[in-house]
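User: I would like to go through this model with you, one topic at a time. Please keep the answers plain.

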Amino acid sequence: MAASSRATVVLKAVKNITIRFCPFESNVRSTREFLAMVGSEKARSTNMNCEVIAMVKHDKSEPVVDITYADGERLVMKGAKLSTREMFSAFQSRCIAKDPQSQAKAKK
Amino acid sequence: MVPMNAAFICRHFLNYVFLSKMAATLCVKLLPKQGWLPLTQSVRHGSKAVTRHRKPVHFLRQKLMAVTRYIPPPRVAPPGAYPPPAEQVQEDNALTVLIKRNLKKLFQENKIIAVVQNNASNSEDMMNLKYRLHKHGITVKFFPNQVMRSFLKDSIYCNMAPLLIGPTVLFVCKEPKVKEMLMTLRSSPQMTLLGACIDNTLLSAEGVVAYSKLPSMTVVQGQLVSGLTMLTSRTAHMLQHHPAHLSALLQQYVKQQSPDNSAEGAPKAEEAT
């Protein structure tokens, strides 16, 4: 897939992203890497209105990625057993599905 | 009649032999006994069960024997029989040694070591942040995660190791100035505080916030002292209550008597006390 092989994410259709994790647990690696990818400058420059909020807790809870799209849809990913690639590809595919017109124009 | 009989018998005998042989060769279904699984033998001309040569084992029997093969438990060599496997200790290269020395000094000197994850802030933001932190005496340090983890697992700070995943930055400071650090971090949105080691105690993000809300050491000590002395002071007050009350009353009495009778009031008061 050409889109997911690109390193950046296009966040045009996303309203906000909340990532909750507990850094002392051992299953947070993929969530943290996802946060690094999504919170990077390049990703955020595609949509300045999109907020990336990271909440650091210490209650042995599972890492959760909560994405709210511009049309009200929510994507909740529980990152305990997911790999970074899977989360990223799921997120990317939904972003592209939400915003096909501008994507198609950009690709053309 | 006789030759016919003989021929008939011969034929019958041959038929019987032929049939029995057919039975043996084709299928045993002709003689099903109770409890037997129907085995179809498709051997064209079977040798008998006991042969002088090695008869090829039937496929089903081969499978069964393979499945039910005896696998003996692995015999453990007695301890000390073999020399222990040489531990693969990778010697650190010179840079790693240098970094570790730096880290050791860092941990000894600084009171706060905070671990923060930065999601790719650009150099401008980093410069601003460094400048703001430097005003409070906090330095920003970058170390490779692998080296840090190998250093931490040898030292007493081994529980910090799970924090060091992904792009992390260290904030170190000689004095515990947590409030200023938190305020500076709040201004840059992409830095996430993961945890900190303050005065050799590992704290989570919420712990750091709680630490910043604590009053200073002198205030806390004063509160402790006042709490302890309150009890003893109450006891002392209760013990001295009666004689204090008595002496107050007598003084009052003396004052009342002296304006009326200055000569009589003084010896009376002296007798009383």
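User: How are helix 2 of chain A and helix 4 of chain A oriented to each other?
Analyst: They are oblique to each other; angles under 35 degrees count as roughly parallel, over 145 as roughly antiparallel, 65 to 115 as roughly perpendicular and the rest as oblique. The axes of helix 2 (residues 29–38) and helix 4 (residues 84–98) of chain A come within 8 Å and cross at roughly 45°. Axes here are lines fitted to C-alpha atoms, for helices over the stretch in contact, with angles from 0 to 180 degrees between N-to-C directions. Helices (H or I, at least four residues) and strands (E, at least two) are DSSP runs, numbered from the N terminus.

User: Which residues make the contact?
Analyst: Helix 2 of chain A contributes S30(A), T31(A), E33(A), F34(A), M37(A) and V38(A), while helix 4 of chain A contributes T84(A), M87(A), F88(A) and F91(A). Contact means heavy atoms within 4.5 Å.

User: Is that crossing left-handed or right-handed?
Analyst: The crossing of helix 2 and helix 4 of chain A is right-handed. A crossing is left-handed if the near helix is turned anticlockwise from the far one by less than a right angle, and right-handed if clockwise.

User: Before going on, what kind of model is this, and what conventions apply?
Analyst: It is a predicted model, in which local features need pLDDT of at least 70, side-chain atom pairs count only at pLDDT 80 or more, and totals for chains, interfaces and linings use all residues. Residues are numbered from 1 along each chain as its sequence is written, chains are lettered from A and ligands numbered from 1 in the order in which they are written, and side-chain values use heavy atoms, with hydrogens and water left out.

User: What does F34(A) touch, leaving aside neighbours within four places in sequence?
Analyst: With those neighbours left aside, F34(A) is in contact with I19(A), V65(A), I67(A), M77(A), T84(A), M87(A), F88(A) and F91(A).

User: Which residues of the largest nonpolar core touch the most other members?
Analyst: That core has 43 residues, and V14(A), I17(A), F34(A), I67(A), F91(A) and F107(B) touch the most other members. A nonpolar core is a set of buried Ala, Val, Leu, Ile, Met, Phe, Trp, Tyr and Cys residues joined through side-chain atoms within 4.5 Å. Buried means under 20% relative accessible area, exposed over 50% and partly exposed in between (1.4 Å probe, protein chains only). Another core, of 20 residues, lies apart from it and includes C173(B), L182(B), M191(B) and A196(B).

User: Changing topic, what is the secondary structure of chain A?
Analyst: Chain A has five helices and four strands, in the order α-β-α-α-β-β-β-α-α from the N terminus on. Of its 108 residues, 44% are buried. Chain A exposes about 5900 Å², with 51% supplied by carbon and sulfur atoms; accessible areas come from the Shrake-Rupley method with a 1.4 Å probe, and for residues only the protein chains shown count as cover.

User: And how many helices and strands are in chain B?
Analyst: Chain B has nine helices and five strands. Along the sequence they follow the pattern α-α-α-β-α-β-α-β-α-β-β-α-α-α. Buried residues account for 24% of the 273 residues in chain B. Its accessible surface is about 21700 Å², and 62% of that belongs to carbon and sulfur atoms.

User: How do helix 4 and helix 6 of chain B pack?
Analyst: Helix 4 (residues 123–135) and helix 6 (residues 178–187) of chain B pack at an angle of about 165°, with their axes 10 Å apart. Helix 4 of chain B is therefore roughly antiparallel to helix 6 of chain B. The contact involves L129(B), R132(B) and L133(B) of helix 4 and M181(B), T184(B) and S187(B) of helix 6.

User: Is S212(B) buried or exposed?
Analyst: S212(B) is buried, because its relative accessible area is 12%. It sits in helix 7 (residues 205–213) of chain B. Not counting residues up to four places away in sequence, S212(B) touches V178(B), K179(B) and L182(B).

User: Lastly, what is phi for D199(B)?
Analyst: D199(B) has a positive phi of about 55° although it is not a glycine. D199(B) lies in the loop between strand 4 (191–198) and strand 5 (201–204) of chain B, and counts as partly exposed at 42% relative accessibility. N200(B) is found in the loop between strand 4 and strand 5 of chain B; its phi is near 60°, a positive value in a residue other than glycine. N200(B) is exposed, with a relative accessible area of 55%.
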